[in-house]
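Welcome, and thanks for taking a look at this one. Below is a short briefing to read alongside the model.

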Amino acid sequence: MSPKDYIAYFLIVNLILKELGKNKSFSLGLPKSKILDHIALFCYFHGVMAKKQKSITVGFTSLGCPKNVVDSERMLAEIAQAGFLITAEPDNADVVVINTCGFIAPAKAESLEAIRHAVDCKLNGTVKKVIVAGCLSERLREQLFTEVDGINAVVGLGQRDNIARIIKKTLSSAQPTAYLNRRPHTTSDDRTRLLITPSHWAYLRISEGCNHRCSFCTIPAIRGPFRSKPKELVLAEAAELVSAGAVELNIIAQDTTYYGRDLKIKNGLAALVSELEKITDLAWIRLMYLYPAEIDARLIETVAKGEKIVHYLDIPMQHINGKILKAMRRPDTKDRLCRLIENLRSAVSDIVLRTTLIIGFPGETDRQFNELLDFVKWAEFDALGCFKFYPESGTGAADMPDQVPEKIKQQRLEELMLTQQKIAFAKNKNRIGSELTCLVDSVDSEGLAPGRFYGQAPDIDSVCIIKNCSASSGQFINTKVVGTEDYDLLVEQISS
Ligand code: SF4
């Protein structure tokens with residue numbers, strides 16, 4: 001961009017500012033000269049970037065769980081830093097990158113559908129290259145090329161940080177190429193991300209892989225053995241996210257309770273959370289994916305006494321029947337799981353509990369299902385996710401005898417979810433009249449805002465609906481619960 005172009009941009013910005021000056025609502029809390037500098041600089045860089053990237057646009061689709069979101073955010077940062085233009089219209093992008101999920105059949109189907117759609121766009125001539133990354137690439141590897149004809153590159157998990165280089169190579173190559181390492185044995189550095197989530201909350205992944213061998217699960221085969229991210233790296237990443245505006249960090253891993261074991265750190269998760277609590281400007285720390293058998297007294301005490309750790313735990317329990325748990329290769333027993341719930345509730349009276357269950361595991365009888373149903377009624381979880389069992393190739397459970405017919409799985413799933421719905425609705429009703437601190441997630445022009453109290457994890461749980469909200473997204477406000485709407489709470493702002 002020449003100095004002449006820069007001056008032209010500057011003049012255009014001046015005109016825009018003059019117009020904006022007439023609008024009373026325009027205020028950034030900065031002197032106008034400063035705003036002018038910022039916008040001019042923005043235009044300058046935007047102009048340079050647009051020129052550099054004029055011919056290369058990248059459309060990005062992120063599928064799957066929060067762990068995959070972190071990988072997507074890292075790839076997006078690499079792509080942007082390399083000078084490509086990330087477009088909101090993937091159907092018309094030069095290159096489409098799909099970060100896939102390969103965990104269970106429906107996730108695989110969703111990923112394959114997205115890939116086929118991108119390949120169709122390529123055949124229609126609106127897209128030039130299709131690159132497939134993520135868990136499905138790692139799981140199916142070169143087989144993906146035969147699964148969907150037209151893919152240009154398959155990128156394994158270990159090649160995540162090379163995505164920009166791979167895009168460049170793919171653009172100049174006619175040959176479909178697989179970029180796959182042998183199974184990764186280190187953790188990745190997840191700093192420098194282009195957040196998909198709103199800037200006021202983010203995921204903080206503390207480890208990679210899993211050392212458990214649940215008989216239904218493909219994750220250890222896809223993501224390798226458990227590797228803790230060094231504490232210094234986790235803390236640096238957390239500080240980076242907070243300085244970029246995050247007030248809530250959601251701690252994720254395949255099993256967060258296992259943190260530090262491979263590094264020979266005792267009470268790794270509790271110690272890590274205590275360090276995270278020291279970060280100024282961080283308000284909420286939320287623990288997700290806790291393996292029930294590893295939740296000990298020290299961790300419960302950390303949750304009870306912590307100042308920033310929210311009283312919310314996500315503990316996937318999968319089942320309650322002893323025989324099924326054993327066949328799942330889970331170390332829990334019904335007694336231990338029930339005791340854990342009791343201990344958590346007596347130590348942390350306002351604890352909000354979420355769990356995940358699997359319905360229709362091979363051999364699950366009506367009786368065993370009813371036992372699970374009774375457990376759900378007794379435990380009264382605040383939130384519950386339930387999945388039908390899928391026989392995934394390569395897992396022990398896929399070849400087990402007595403597979404449950406699909407129709408029965410579906411009936412059981414519906415019955416269980418209806419039972420849980422009654423529990424969740426009753427719990428919501430009990431909250432009417434109570435006061436809650438809410439984090440505002442977004443606000444529309446009418447002042448309607450979805451927000452969350454500590455018992456609602458982002459993108460997975462219900463929300464608080466705030467009418468006439470005068471705060472901005474990312475702010476905490478005091479509210480009163482005035483009603484319910486399905487799984488959501490209707491709240492009124494009391495003060496900011
Ligand atoms: S703990 Fe979770 S990720 Fe690990 S094997 Fe079991 S279900 Fe899979």
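**Helix packing**

In H3, Met-75, Glu-78 and Ile-79 meet Ile-163, Ala-164 and Ile-167 of H7; contact here puts C-beta atoms, placed from the backbone, within 7 Å. This is a predicted model, where local features need pLDDT of at least 70, side-chain atom pairs count only at pLDDT 80 or more, and totals for chains, interfaces and linings use all residues. Residues are numbered from 1 along each chain as its sequence is written.

- The contact of H3 with H7 divides into 5 nonpolar residues, no polar ones and 1 charged (Ala, Val, Leu, Ile, Met, Phe, Trp, Tyr, Cys and Pro count as nonpolar, Asp, Glu, Lys and Arg as charged, and the others, Gly among them, as polar).
- Helix H3 (residues 66–81) packs with helix H7 (residues 163–171) at an angle of about 60°, and their axes are 8 Å apart; axes are lines fitted to C-alpha atoms, for helices over the stretch in contact, and angles run from 0 to 180 degrees between N-to-C directions.
- H3 and H7 are therefore oblique to each other (under 35 degrees is roughly parallel, over 145 roughly antiparallel, 65 to 115 roughly perpendicular, and the rest oblique).

**Barrel**

- A closed barrel of 5 strands runs E15-E16-E17-E19-E18, with mixed pairing (strands pair if DSSP finds at least two bridges between them).
- From one strand to the next, the twist averages 50°.

**Whole protein**

- The protein has 15 helices and 19 strands, taken as DSSP runs numbered from the N terminus (helices H or I, at least four residues; strands E, at least two).

How values were computed
Two residues are in contact if their C-beta atoms, placed from the backbone, lie within 7 Å.
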